Structure formats: C-alpha cells, structure tokens
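Hello,

Here is the structure I promised to pass on. Have a look at it first, and then read my notes below.

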Amino acid sequence: MTYEEYAGLPDDGFRYELVGQQLDVMSPTPSVLHQLVVAAMRDVLLKTCEAEYLIVLSPVDVVFSSRDVRQPDLFMVHRERMGIVHVKGIFGVPDLIVEVLSPGSFERDRKEKWKTYEAYQVPEYWLVDPLNGTVEQYEYTNGQLHLCAVYEAHQPIYSVRLPCVSFTMSSILLTLPKLTE
C-alpha cells in the first residue's frame with residue numbers, strides 16, 4: 001500500500017500507520033494517563049517553544065515517504081520549516097518526536113517506531129515513561145539514534161538542538177489528577 005492509498009481509506013473508527021507499505025492498526029486506544037501526559041507535555045513546551053516551533057499532538061500523520069507514515073504522540077517542527085506542514089499531515093521529518101510509553105505501546109515505541117525514526121534520521125527522539133517519571137533523550141548522529149541522557153523526575157530537561165526546552169518530569173506529573181485503577 002502507498003501513502004496515496006492509505007490517505008484514501010474510509011474512516012472506520014480505527015487509527016492506522018503505514019509501515020513498509022503495510023497497514024498497521026494502532027490499538028488499543030491510549031489510556032487516560034497517557035493522554036494527560038501528552039497534553040501536559042504540550043502545555044509546558046508551548047510556554048517556552050511556541051514562538052519558534054509548531055507543537056502538534058496525535059493523531060496527525062507524519063509522512064516520511066510513500067511507504068512509511070507514523071502518528072507520534074507529539075512532535076515539533078521549527079517554524080522556518082513550515083513547508084513540510086500541510087493540511088493532511090507533515091510531509092517530512094519533524095525536529096523532535098515524543099512517544100509516551102504505556103503497556104500497550106511499549107514494544108511499538110521502543111522497537112518498531114524507533115526503526116522508522118532512525119531510518120528517516122529524526123534529529124531528536126524522546127521516550128517518556130510516566131510510571132517511572134523519566135525521559136530518555138536520543139539524538140541522531142553518525143547514522144543512528146544514540147541515547148544522550150536519561151532525565152529523572154526532578155532533573156531539568158534540556159536540548160542542545162531545541163534550546164527553548166526547559167521543564168522537569170515532576171512538573172508534568174504534579175499537574176495530573178490521581179486516577180482510579
């Protein structure tokens with residue numbers, strides 16, 4: 001399947017990604033905790049990065065090629081690169097991709113999406129673990145994604161590539177309501 005065929009699919013209520021020309025169903029739906037963490041991350045990034053970056057939440061297609069389309073939880077595109085931003089999605093590589101880990105997405109985010117993001121040279125990739133209060137920061141250098149930092153809850157998160165970034169995981173987690181299991 002190509003992107004053109006993928007884009008022409010009728011809305012059947014499911015979310016899909018296109019991986020190596022294969023249609024991949026994204027299920028189960030994200031948990032409430034997952035969505036609250038994604039929204040809180042967007043809120044803190046908006047405070048310091050909105051002037052320079054477009055900050056977008058899923059579900060929005062990031063079209064890497066006619067054979068690979070992903071829907072990251074959150075991504076940022078520098079406003080100088082708005083040419084990749086179209087009505088139907090992002091056609092190119094964002095400056096930052098963030099995936100929030102949950103039991104249902106762990107394998108997909110750590111292995112499957114990783115391969116796509118590395119293949120298309122995503123400059124910076126974060127894996128956020130809300131249960132452990134950590135952010136793993138990976139940067140693309142020398143042909144692959146390399147772990148450059150693991151931030152614990154109270155450690156300030158920063159990025160050489162995205163100097164506007166300034167927050168801690170605890171500042172995000174403290175905004176979340178206590179949820180019933």
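**What I found**

The largest nonpolar core has 28 residues, and Met41, Met76, Trp126 and Phe167 touch the most other members. By nonpolar core I mean a set of buried Ala, Val, Leu, Ile, Met, Phe, Trp, Tyr and Cys residues joined through side-chain atoms within 4.5 Å. Buried stands for under 20% relative accessible area, exposed for over 50%, and partly exposed for values in between (1.4 Å probe, protein chains only). Two or more residues of this core come from each of α2, β3, β6, β9, β10, β12 and α4 (169-173). The biggest contribution is from α2, with eight residues. Helices (H or I, at least four residues) and strands (E, at least two) are DSSP runs numbered from the N terminus.

Before going further, please keep in mind that this is a predicted model: local features need pLDDT of at least 70 and side-chain atom pairs count only at pLDDT 80 or more, while totals for chains, interfaces and linings use all residues. Residues are numbered from 1 along each chain as its sequence is written, and side-chain values use heavy atoms, with hydrogens and water left out.

Setting aside neighbours within four places in sequence, Met41 is in contact (heavy atoms within 4.5 Å) with Leu74, Val98, Trp126, Val128, Phe167 and Ile172. There is also a second, separate core of 17 residues, and Phe75, Val77, Ile97 and Tyr125 are among them.

Now to the sheet. Six strands make up an open sheet with mixed pairing, in the order β3-β6-β9-β10-β11-β12. Its edges are β3 and β12, each of which pairs on one side only. Two strands count as paired if DSSP finds at least two bridges between them. On average, neighbouring strands are turned by 20° against each other, direction ignored. β9 (residues 96-100) pairs with β10 in the parallel sense over four bridges, and Glu99 stands opposite Leu127 in β10.

Two helices go with this sheet. α3 packs on the sheet and touches β9, β10, β11 and β12, its direction making about 170° with that of β10. α2 (residues 32-49) lies across β3, β6 (74-78), β9 and β10, and runs at about 170° to β3. For these angles, axes are lines fitted to C-alpha atoms, for helices over the stretch in contact, and values run from 0 to 180 degrees between N-to-C directions.

α3 bends by about 40° at Lys113; the bend is the angle between axes fitted to the seven residues ending there and the seven starting there. Lys113 is itself one of the buried residues of α3, along with Arg108, Asp109, Trp114, Thr116 and Tyr117.

Finally, some backbone details. Most residues other than glycine have a negative phi, and most peptide bonds are trans. Gln121, in the loop between α3 (106-119) and β10 (124-129), has a positive phi of about 60° and is partly exposed at 46% relative accessibility. Asn142 also has a positive phi, near 50°. Asn142 sits in the loop between β11 (134-141) and β12 (144-151) and is exposed, with a relative accessible area of 75%. A cis peptide bond, with omega about 5°, joins Ser58 and Pro59, and Pro59 lies in the loop between β3 (53-57) and β4 (62-63).

Best wishes
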